[in-house]
Amino acid sequence: MQNLPFICSNSYRKHFMKPFFLLVLLFWGTGVYAQQLAVPDLLTIVNASVKTIDTTLKKKGYRLMKKEVDSSSAFYQYSTFDVDDEKNLPNIRTLTFMDVTVRNLSSRLVTYRTYNKEEYQEIASYLLSHNYHSTGYFDFKESKHTLYSNGEETIRVKVIDTQQKTKKKIVAYELELGK
């Protein structure tokens with residue numbers, strides 16, 4: 001029992017939990033190759049049941065990382081990690097969705113994040129070839145947002161620049177859509 005404060009201390013978390021988490025991610029991705037989600041998949045998720053989303057994502061190699069449900073909202077986060085064998089680079093993808101209900105009104109926000117530039121280019125190509133047009137652009141310095149619409153749906157595409165403590169720049173690509 002006397003060791004418990006050490007386990008809960010910031011020093012313990014700082015020195016042992018980060019490497020442990022990275023090791024878990026490394027081994028987690030070795031068994032199943034996860035698939036990227038295309039824009040049609042995301043459009044389907046906007047209107048699908050939670051059970052259908054869960055089944056679909058798990059079949060594609062995603063794991064439920066976080067789930068919070070209360071009387072008026074529900075939040076789900078799925079992630080996957082694998083390695084591109086050709087380039088020996090990691091692929092990290094996250095899909096989150098949140099349902100909010102107030103009285104008889106309900107809405108869902110779906111966010112898909114990838115760090116793969118080629119995947120982002122495929123998404124942009126899909127949008128342009130399926131009658132989506134840029135309807136707005138917002139530059140927030142480290143984050144650039146572009147709104148695309150085909151007249152029925154609007155999708156926000158974000159390009160987010162993050163700089164690590166080591167000064168290495170990481171770019172994340174995000175799509176947001178909802179109802």
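Asn116 is buried in this predicted model, because its relative accessible area of 17% falls under the 20% limit that defines the buried class. Asn116 sits in the loop between strand 4 (105–114) and helix 5 (117–129), and, leaving aside residues up to four places away in sequence, Asn116 touches Asn91 and Tyr173.

As for the chain, its secondary structure consists of five helices and eight strands, arranged along the sequence in the pattern α-α-α-α-β-β-β-β-α-β-β-β-β. Of the 179 residues in the chain, 32% are buried, while the accessible surface comes to about 12,100 Å², with 56% of that area belonging to carbon and sulfur atoms. Where contacts join residues at least 6 apart in sequence, 41% of them link residues at least 24 apart.

Strand 6 (residues 143–149) is mostly covered, six of its seven residues being buried. Strand 6 pairs in the antiparallel sense with strand 5 (residues 133–139) and also with strand 7 (residues 154–163), and the table sets out the two pairings.

| Strand pair | Bridges | Residues between the strands | Turn residue and positive phi |
|---|---|---|---|
| Strand 6 and strand 7 | seven bridges | four residues | Gly151, about 95 degrees |

Each pairing can be followed through individual residues: Gly136 stands opposite Leu147 of strand 6, whereas Ser149 has Thr154 in strand 7 as its bridge partner.

Definitions and conventions. Residues are numbered from 1 along each chain as its sequence is written. This is a predicted model: local features need pLDDT of at least 70, side-chain atom pairs count only at pLDDT 80 or more; totals for chains, interfaces and linings use all residues. Side-chain values use heavy atoms; hydrogens and water are left out. Buried means under 20% relative accessible area, exposed over 50%, partly exposed in between (1.4 Å probe, protein chains only). Contact means heavy atoms within 4.5 Å. Accessible areas come from the Shrake-Rupley method with a 1.4 Å probe; for residues, only the protein chains shown count as cover. Two strands pair if DSSP finds at least two bridges between them.
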